[in-house]
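Colleague: Could we go through this structure together? I will ask, and you walk me to each answer.

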Amino acid sequence: MLTSLVIRIVQFSTRRAWPVIALTLLLTAASGVYVAGHFAINTDISRLLQSDQPWARRDAAVSAAFPQRDQMILAVVQAPAAELADAAADELAKALRQQGERFRAVSQPGGGEFFERNGLLFVETEKLRDTTTQLTQARPLLNALAHDPTLRGLSDTLSTTLSLPLQLGQVKLGDMAKLLGSSARTVDQVLAGKPGALSWTGLVDSSLQPAPGGVATAFVALSPVLDYAGLQAGADAAGAIRATAAKLGLAQRYGATVRLTGSQALADDEFASVKEGAAFNGVLTLLVVILILWLALRSKRLILAVLASMLVGLVITAALGLAMVGALNMISVAFAVLFVGLGVDFGIQFGVRYRAERHVHPEIPVALASAAKAVGVPLALAAAATAAAFFCFLPTDYRGVAELGQIAGVGMLIAFTTTITLLPALITVFRPKDEAGRTEVPGFKWLAPADVFFERYRKQVLLGTCGLILAGSPLLMHLRFDFDPLHLKDPHSESMATLLSLKDAPQAGTDNVNVLAPSLAAAVAAANRLAALPEVSRVVTLQTFIPDDQPARLALIAKASASLMPVLTQTVATPADDARLVNSLKNAARQLTLAAEDHPGPGATEAAHLATGLRKLAGADAATRARAEQAIALPLRLALARLQRTLSPQPISRETLPPALVRDWVAPDGQALVSVSPKLPPAAKPGDASSSNSDARDAALTRFIDAVQRVEPAAVGGPISIRGSADTIMTAFTQAGIWAVLSITLLLWITLRRVGDVLRTLVPLLVSALVTLELCVVFGIPLNFANVIALPLLFGIGVAFKIYYVLAWREGKTQLLQSPLTHAVLFSAATTAAAFGSLWLSQHPGTASMGKLLALALACTLVGAVFFQPILMGRPRERSAPATGPAH
């Protein structure tokens, strides 16, 4: 019945070729207009999963209570000294707060006016006592520095200190070693034309001192207004940040760079890497497909007909897809690649069969009808099976793949429809040249010895193949699933490179988890329980920003302020001209040389080093000395200004905290957030792919998650949400796989009506899947969130090839390797490989890994269909009139 229906449709399309073409073009034009008017891509990755699991509900509750924490951009401001980085971050944050149309919230984690003014209140009381004592004792030095905070003033102060006080033993050269060494390195960097600066706060607090050649870092966290209609939803906000930094001249004034990371910046860069090279890869893929079609069909007109049929199907599929889902997502947009890779298979199968029939039937209508009789059922069954495999994603929670399955499944049915309607009509109109002039029908005669060999040694080859596959089965124990979504991002993109450079900085917070408590009191209680865990390094609530023992600390700061504030607020001396600066530099160099000679030991090497640098600086041009002023004196002036603010704190309470800070930790309804950081081994350096380091961190992270959830089962976010997403995705693929096997089995049973024939179709498919996974271990290809899609698609791709061979075998065909069927299957697989290869060439690691695994799965499926399946089937069953010779 199905064969008769397909033949009648092909004959109708042949007789009414022009009306069929006109109607198809009209439908295609209407579809094109619809696509042009409704095309949209929703880049909101949070909508790719729709899970009702507890972790997802808790994650949604946190997002609803603190929406400003979602899709954030973290501006990482880096400069040669902490003072410069902080000043640049302060100016950037202040300017961005004026752009309310682009940013809903702007904050400075660990920085800004609040922490500058009240930073000393967060120092332990005893340590604060020592700090304020040291500051008070340094009053004479601070007086000299504050009076003339220029390079000339610093040189004069150094000359004075190294003369009488050093000779009298009031100061020791060893005590100045750190200052002298840092100053010498800074002068060297200036003379070499490299960026550098002297961090004065770093001399007091070594944690703020950048490593030699390193940079200090400050942060500005932003909640941008997003446009999900664009491929990069945060592009406007990111552009505003960079434009503001350039307008403020942060690079020129502070030597500062601004790099962007954070969840939204990572997502935008990910979409940019997907887009990068996409046009070139698309054109290259099209050219390769055309070449393969030429090798398969050997007719320009026939190739044109197949391409036109494929293009029409693609446009109609796109229109129906947009009508069904409204907007494509970042996964469903791949339907076009799948349509080209899989849909063109039908055109090649029909075209190759048509070529073979033209050798027997020179008349085009008769040849088309004969081709329809031969391939109608296999094509229909393959289209139905492939569509069923795609539709099996529909009931899953993985919305991104479910929509892809919906569109691609419909696309397979459309591709089959155009193959038996438009393609015969186009062939009739284009009238490809007669095949009678060609010496051979399509096929691979050189594979004839292989047909003979496999038929003669069928059992031995079958047993050997099965033994080899079973021998490789222990490899499956080493199959690895990489659950870290960061590994799917381009490590060379700005956002990912910046995140990797931050390593374990708490501001990055990639491994932090959250607890949403009903009140601040409950949050504090939870924090106390979590802080006691050995797997936890840091717990933060709003209460963290209200320090203890404030009266005692305020008293210590007030005492220091009374002593130092007159010094810090004195009138600053008039800057000296360049000639006086040169003299001061020479005097300082001379005093340093004498000090190094007269006081050998600690500090002498540093003194001699700085003396050499100052002499070179005195002999350099004025522009070089101006850069030295910027590198040494500017950080000093910023440090003195910050010290002045630090000595004027105010008592901190819930009421006096900045409203934006309170909103970051307590929602309007009173719910409070607890942020928990894990205690992990040091992060590997960027580019270091050491598996031992990664395994150790993964193990520590697993212990952290388990420990936190034992104490607070409602913890969510970070690795907990990633684990939940992984479980949801794996469940979705497991469900889709089971439904695919069941639906395809049912479809095969309805069509084939023999259990043995159903098994002959499915067993090679399952064997191909097993071999694919074994080779993943051999080639070191871990499964991940992106490439795991290849496994269910394996059923859709593979079952089509298997069906072609089983139906040919049921018809009594033999010598299948040299047949036109294998000719069509190999070239069809080649076009599919070309489409998937375009994914492999993507700059996006996740997309590339998908293309890699799809190509591997395709190769295994092809080998299983072309070689293993004929061996498994053996000789055809006896028929009343058995067919002989190669399959046609």
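Colleague: Leaving out residues up to four places away in sequence, which residues does glutamine 550 touch?

Modeller: Keep in mind that this is a predicted model. Glutamine 550 is found in helix α25, residues 550-568. Once residues up to four places away in sequence are not counted, glutamine 550 touches Leu121, Pro651 and Ile652.

Colleague: Is glutamine 550 buried or exposed?

Modeller: Look at its relative accessible area, which is 11%. Buried means under 20%. Glutamine 550 is therefore buried.

Colleague: Which strands stand at the edges of the open sheet?

Modeller: The sheet has three strands, in the order β5-β7-β6, with antiparallel pairing. An edge strand has a single partner, so one side of it is left without a neighbour in the sheet. That describes β5 (513-517) and β6 (536-540).

Colleague: At about what angle does helix α24 run to β7?

Modeller: Within the sheet, the twist from one strand to the next averages 20°. Helix α24, residues 520-531, lies across β5, β6 and β7. To β7 the helix runs at about 15°.

Colleague: Where does α35 bend?

Modeller: Helix α35, residues 845-873, has 29 residues. From first C-alpha to last it reaches 40 Å, close to the 42 Å expected. The bend is about 35°, at alanine 865.

Colleague: How many of the 29 residues of α35 are buried?

Modeller: The helix is followed by glycine 874, whose phi is positive, near 75°. As for burial, α35 is largely enclosed by the rest of the structure, because the buried residues number 21 of the 29.

Note on methods. Residues numbered from 1 in each chain as written. Predicted model: local features only at pLDDT ≥ 70, side-chain atom pairs only at ≥ 80, totals over all residues. Heavy atoms only, no water. Pairing = 2+ DSSP bridges. Helix = DSSP H or I, 4+ residues; strand = E, 2+ residues; numbered from the N terminus. Axes fitted to C-alpha atoms, helices over the stretch in contact; angles between N-to-C directions. Contact = heavy atoms within 4.5 Å. Buried < 20%, exposed > 50% of the residue type's maximum accessible area, 1.4 Å probe, protein only. Expected span 1.5 Å × (residues − 1). Bend = angle between axes of the 7 residues up to and from the residue.
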